Amino acid sequence: PDHVPVRDLHIGVVSTDMGTGGYSVETCSDPIDGDNGELQHSPNPSIGGCESAYPTYLSYESEEPNIPAIDLMATGFGCIATLGIDGCGFEQQLKASAKALIDHRDGVNAGFLRPDSILTILFVSDEEDCSVAPGNEGIFDTLDSSLGHLNLRCFHHPYMVEPIETYIAAFQSLRADPEKLVLAFIVGVPQTEVCEGFGDEISTCLDHPDMVESVDPVSMTRLTPSCVTSTGEAYPPRRFIQIAQQFGDSALVQSICTDDFRPAINGLTNKLHEVVDSVAIVRELATDNDWEHELPCRCVAECRIIEALSDLRGCETVSKPCYEPAGPGTGCSDPEVDPDGLQHTLCEIPRVATTMTPCPDPANPPACNDPTVTHTVETTSVDGAWPGGWYYYGRNWTDGTIIYAEPQILFTDGMEPEEGSNVYIQCESFICPENRQCGPASNPEAVCCNFDEFCRNPPAGVCEVRPD
């Protein structure tokens, strides 16, 4: 939470030990002995400095960076996430996660999953997933020699394992907005660029020689390791890679065969920054009925959005005119010069309106934030000069399908900022949220901290950059 600007965070831990459905394998003998997708919250007795007990999931809630609370959460996570390697030898990572987030959502894990949150599922495993399909619990039977050695049963009998499509659909069902779901896998891929990266960057990973499953000729009761580290060996995680490829740039893969997980966590943090920036903005914009055009049933945000292109090429005048600081007809802005001395053309993304329904009396229209109205996005700019543009949905506004729990700036098709551009929002007025107010009590909006800042010594304090 000190890297990604959030005010409310839940962290839960799930064990891969699902139990075996009634057969004896190593230390587990039935589903009761397994963890069955329940969030784990008992401290590991081998770790010092832990609390005697923890809640079902860890929570962090703060209006500004609270370093002691963050450190306390990190310690608690270490205490409950160190699960060891004991338990059922048939790792069922995908089934455990789906069970925790779907089957137990309103049961033992109630409260963890919230419908409007950004959800990240992080898998850390040195084994392939072996989520057994219903009706195939016989795979656990130690007395059935026809199925071969226990370590190789999932490899020799893939028909007894649940298809990955089941879990792809399960994870997709968790979020109506796919942008709010991020998967990450720290698994047994070799340390190579063809297998480390986002799902849309590792299309040839399954063809890598170390990712091909085969019985180890040196030890015929196990598979050939896919990577080796000083702390142990890992095996080809083909099912995880297939899922990551399906989720594309919303799924990050890194190798577990490393002594340093910081690159993986930094990659995940950077991805979450992108998601936070894309699905929500911090400041709630001031909006008003469109009296200027005598169309009071429309709502407009009193702002302009400027796009600094990745280079000095010109603006696309048919859709995004040049940015004119003093208003239309006053002349285009000079290029922006970045710290490296490169120049960037400044263009303006036009603004479109949202139309409120119902609006039976235009002379006395509803307020834009009236929760009883539905907002429909128009397809041209407010003055009709431009084909689409950006628009704004305030907190708890609805388009009839989605209720936006947080304010959002969105774009019509084809009007999104280009990749590599910087985007600025310029408002004559805005609503400074409580967690950014840093002015005196008599005028709390006199100082409003930026997105990456917090207020030290409020209310009449100073804005400081969030610590890294």
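Trainee: How much accessible surface does the chain have?
Mentor: About 23,700 Å², and carbon and sulfur atoms account for 51% of that. Bear in mind that this is a predicted model.

Trainee: And what share of the residues is buried?
Mentor: Of the 468 residues in the chain, 43% are buried.

Trainee: How many helices and strands are there?
Mentor: The chain has six helices and 23 strands.

Trainee: Now the spot. Where is S421?
Mentor: S421 lies in the loop between β19 (408–411) and β20 (422–427).

Trainee: Buried or exposed?
Mentor: Buried: the relative accessible area of S421 is 16%, and the cut-off for buried is under 20%.

Trainee: What does S421 touch?
Mentor: Leaving out residues up to four places away in sequence, S421 touches E307, A308, L309 and S310. With E307 there is also a side-chain polar contact of 2.9 Å.

Trainee: Which strand is joined to β20 by six bridges?
Mentor: That is β12, residues 303–308, and the two run antiparallel. One of the bridge pairs is C303 with C427 of β20.

Trainee: What is the strand order in that sheet?
Mentor: β15-β12-β20, an open sheet of three strands with antiparallel pairing. β15 (346–349) and β20 are the edges; each has a single partner strand, so one side of each has no neighbour in the sheet.

Trainee: What about the twist?
Mentor: From one strand to the next, the twist averages 30°.

How values were computed:
Residues are numbered from 1 along each chain as its sequence is written. This is a predicted model: local features need pLDDT of at least 70, side-chain atom pairs count only at pLDDT 80 or more; totals for chains, interfaces and linings use all residues. Side-chain values use heavy atoms; hydrogens and water are left out. Helices (H or I, at least four residues) and strands (E, at least two) are DSSP runs, numbered from the N terminus. Buried means under 20% relative accessible area, exposed over 50%, partly exposed in between (1.4 Å probe, protein chains only). A polar contact is a pair of N or O atoms within 3.5 Å; within protein, one must be able to donate a hydrogen and the other to accept it, and residues adjacent in sequence count only if both atoms are side-chain atoms. Contact means heavy atoms within 4.5 Å. Two strands pair if DSSP finds at least two bridges between them. Axes are lines fitted to C-alpha atoms, for helices over the stretch in contact, and angles run from 0 to 180 degrees between N-to-C directions. Accessible areas come from the Shrake-Rupley method with a 1.4 Å probe; for residues, only the protein chains shown count as cover.
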